[in-house]
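Have the structure open while you read.

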Amino acid sequence: MPKKKTGARKKAENRREREKQLRASRSTIDLAKHPCNASMECDKCQRRQKNRAFCYFCNSVQKLPICAQCGKTKCMMKSSDCVIKHAGVYSTGLAMVGAICDFCEAWVCHGRKCLSTHACACPLTDAECVECERGVWDHGGRIFSCSFCHNFLCEDDQFEHQASCQVLEAETFKCVSCNRLGQHSCLRCKACFCDDHTRSKVFKQEKGKQPPCPKCGHETQETKDLSMSTRSLKFGRQTGGEEGDGASGYDAYWKNLSSDKYGDSSYHDEEEDEDEAEDDEEEDDEVGKDSDAESSDLFTNLNLGRTYASGYAHYEEQEN
């Protein structure tokens, strides 16, 4: 029988486990909280944008650049990690920076660790929005990750995409490869798989995790834990009646459209309103004509004498 663990041994194992989790959490920082994706306000145009070396809108350099790896704005020179030595002097501004990252377009400080590790571990290396296909250099906003399919999203499309992300590319919840109910869903392929067809020879399942998708290798999730919905189509013969056979199903579709249009009470109400409006216009025209005729009859026998309008002038009267 194995020896019983003592209290000190249990504490040491728990401490090692906590340290392991802390190291893992440091290496995997949330994308929204990473320094290279931090929010920045331009000193000149006062526009909010992602952390950048130059303003996306006015191309001005910021007074206090932020390091894309460690997030600091001032180098205290507490360690000998700096590539450029500045003993006893705190460096800020452009004296602190050492490079510009080609992926996230942000400053990297002159620390040896940041310069040597950021380019390989930059979280925005392949950051291209899955909706609009724009990269970091194509828009000024921050980059986010979808909480369902874990694809990159720009600041303009993040809410709209996540609202429609849990929609399958099929009309049922059945497995793609067979007719059984799909218990596992891949939110990147938008497809369901049963227990048998999630087993893949290419992508191996890790212990304690959900099986990977046999198509793309992304980790699947159980369908019952998600708010998945199916695709719905409302055009063509799918909205017509079932009495039609073969291609004649289109006839039922057009009949339904015509019945909805002419059988609707609102349609007839609109027609009646139009007829009443036309009748009112005709009556107004007739009343206007009658009033013009009456006014012309009143002034036919009116005589104003000799006027300029009748062709006479004052000098003609003097001559006479």
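1. Start with Phe54: its relative accessibility is 34%, so it counts as partly exposed. Keep in mind that this is a predicted model.

2. Phe54 pairs up with Trp107, with the ring centres 5.9 Å apart and 55° between the planes. Why is that pair called tilted? Its angle falls between the 30 degree limit for stacked and the 60 degree limit for edge-to-face, so tilted is the label that remains. The two partners are 53 residues apart: Phe54 belongs to the loop between strands E2 (48-50) and E3 (74-75), while Trp107 is in strand E6 (residues 107-109). Trp107 comes out as buried because its relative accessibility is 11%, under the 20% cut-off.

3. The structure has 2 aromatic pairs, and Tyr56 with Phe57 makes up one of them, an edge-to-face arrangement with 5.3 Å between centres and 90° between planes. Tyr56, at 31% relative accessibility, counts as partly exposed, and Phe57, at 41%, is also partly exposed.

4. What sits over the ring of Phe57? That would be the charged end of Arg47, 4.3 Å from the ring centre. So Phe57 is worth a look from two sides of this story: the pair with Tyr56 and the contact with Arg47.

5. Back to Phe54, which also contributes to a nonpolar surface patch of about 320 Å², together with Val61, Leu94 and Ile100. Val61 lies in the loop between E2 and E3 and is partly exposed, given its relative accessible area of 39%.

Notes: Residues numbered from 1 in each chain as written. Predicted model: local features only at pLDDT ≥ 70, side-chain atom pairs only at ≥ 80, totals over all residues. Heavy atoms only, no water. Phe/Tyr/Trp six-rings, centres within 6.5 Å; stacked < 30°, edge-to-face > 60°. Helix = DSSP H or I, 4+ residues; strand = E, 2+ residues; numbered from the N terminus. Buried < 20%, exposed > 50% of the residue type's maximum accessible area, 1.4 Å probe, protein only. Lys NZ or Arg CZ within 6 Å of the ring centre and 35° of its normal. Patch = residues over 30% accessible without salt bridge, like charges linked within 9 Å, V, L, I, M, F, W, Y side chains within 5 Å. Areas by Shrake-Rupley, 256 points an atom, 1.4 Å probe, with all protein chains shown as cover. Salt bridge = Lys/Arg side-chain N within 4 Å of Asp/Glu carboxyl O.
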